[in-house]
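Please work through the following exercises with the sequence and the three-dimensional structure at hand. Each task is followed by a solution in steps.

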Amino acid sequence: SWKHSRPVITTISTNSCITCLHLINDELIYSDADGSAGLFKIYPIQNVNQDEIYMQHHKQIKICDKLSSFYGHGGPIWGIDRHGDTLFTGSYDKTIKLWEIKNGQCLHTIRAHSSWVSSLKYNEQYDKLISGSWDTTVKIWNLQTYHPDLVINNENDTFIYCIAENISNNIIYGGTEKNTIIIRDTKKQGEI
């Protein structure tokens, strides 16, 4: 398209700044600084039969429809992940919420951390949710009891901004405010 015609651009407007994006196949989930989230169905551009609006350098068409909205957090959402029909969100309000994707209903709220939840990862193999927080901890959640199976304290007392996991090898990674990545062995809870 860039060589032979004008690029196609679609703009999705929200209430506030976008804090997270999550894309699986043709479904885009966004979270917003106002504490809400939304689910959009994205259509392949070649399947869209709508009038195009030609702008100076691009053409504008609608390539998505909003399917669901998620309201209930008391502050910006900083972490999102998804498994099947369940959306997980973590927020400035120190909670994690589990949502029904199709209808936007909140299924459960976990009072998760003593400071804002900055990141979330779901591990399908072990059915565990991992959260990182500005309270300097990473927690591995049992989704049957909604209690943490493991709490990993960051010995350097630095905020956790983002996380990655390799639970099958008992390793959790955390990106911190002090230009470091912590690597923890979940069996020993020591730094590697």
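A residue counts as buried when its relative accessible area is under 20%. The model examined here is predicted.

**Exercise 1.** Determine whether Y122 and F88 are buried or exposed, and classify the pair that their rings form.

*Solution.* 
Step 1. Y122 has a relative accessible area of 11%, so Y122 is buried.
Step 2. For F88 the relative accessibility is 3%, and F88 therefore counts as buried.
Step 3. The ring centres of F88 and Y122 lie 5.3 Å apart, and the planes meet at 15°. Planes under 30 degrees apart count as stacked, so this pair is stacked.
Step 4. F88 belongs to strand β9 (residues 86-91) and Y122 to strand β12 (residues 117-123). The two residues are 34 residues apart, and their pair links distant parts of the chain.

**Exercise 2.** State how many aromatic pairs the whole structure holds, and classify the pair of F70 and W99.

*Solution.* 
Step 1. Between the rings of F70 and W99, the centres are 5.6 Å apart and the planes stand at 70°. An angle over 60 degrees counts as edge-to-face, so the pair is edge-to-face.
Step 2. Because F70 lies in strand β7 (residues 64-70) and W99 in strand β10 (residues 95-100), the pair ties together parts that are 29 residues apart in sequence.
Step 3. F70 is buried, with a relative accessible area of 0%; W99 is buried as well, at 1%.
Step 4. An aromatic cluster is formed by W78, W116, W134, F159 and Y161.

**Exercise 3.** Describe the sheet that contains β16, β17 and β18.

*Solution.* 
Step 1. The 3 strands form an open sheet in the order β16-β17-β18, with antiparallel pairing.
Step 2. β16 (160-166) and β18 (181-185) are the edge strands, each of which pairs on one side only.
Step 3. From one strand to the next, the twist averages 20°.
Step 4. Strand β17 (residues 171-176) is joined to β18 by 5 bridges. Y173 stands opposite I183 in β18.

**Exercise 4.** Which side chain of opposite charge is nearest to D32, and how far away is it?

*Solution.* 
Step 1. D32 is located in strand β3 (residues 27-32).
Step 2. The nearest side chain of opposite charge is K66, 7.5 Å away. A salt bridge requires the charged atoms to be within 4 Å; D32 is buried yet has none.
Step 3. Not counting residues up to four places away in sequence, D32 touches several residues, including T14, C17 and P76.

Methods:
Residues numbered from 1 in each chain as written. Predicted model: local features only at pLDDT ≥ 70, side-chain atom pairs only at ≥ 80, totals over all residues. Heavy atoms only, no water. Phe/Tyr/Trp six-rings, centres within 6.5 Å; stacked < 30°, edge-to-face > 60°. Helix = DSSP H or I, 4+ residues; strand = E, 2+ residues; numbered from the N terminus. Buried < 20%, exposed > 50% of the residue type's maximum accessible area, 1.4 Å probe, protein only. Pairing = 2+ DSSP bridges. Axes fitted to C-alpha atoms, helices over the stretch in contact; angles between N-to-C directions. Lys, Arg positive; Asp, Glu negative; His and termini not counted. Contact = heavy atoms within 4.5 Å.
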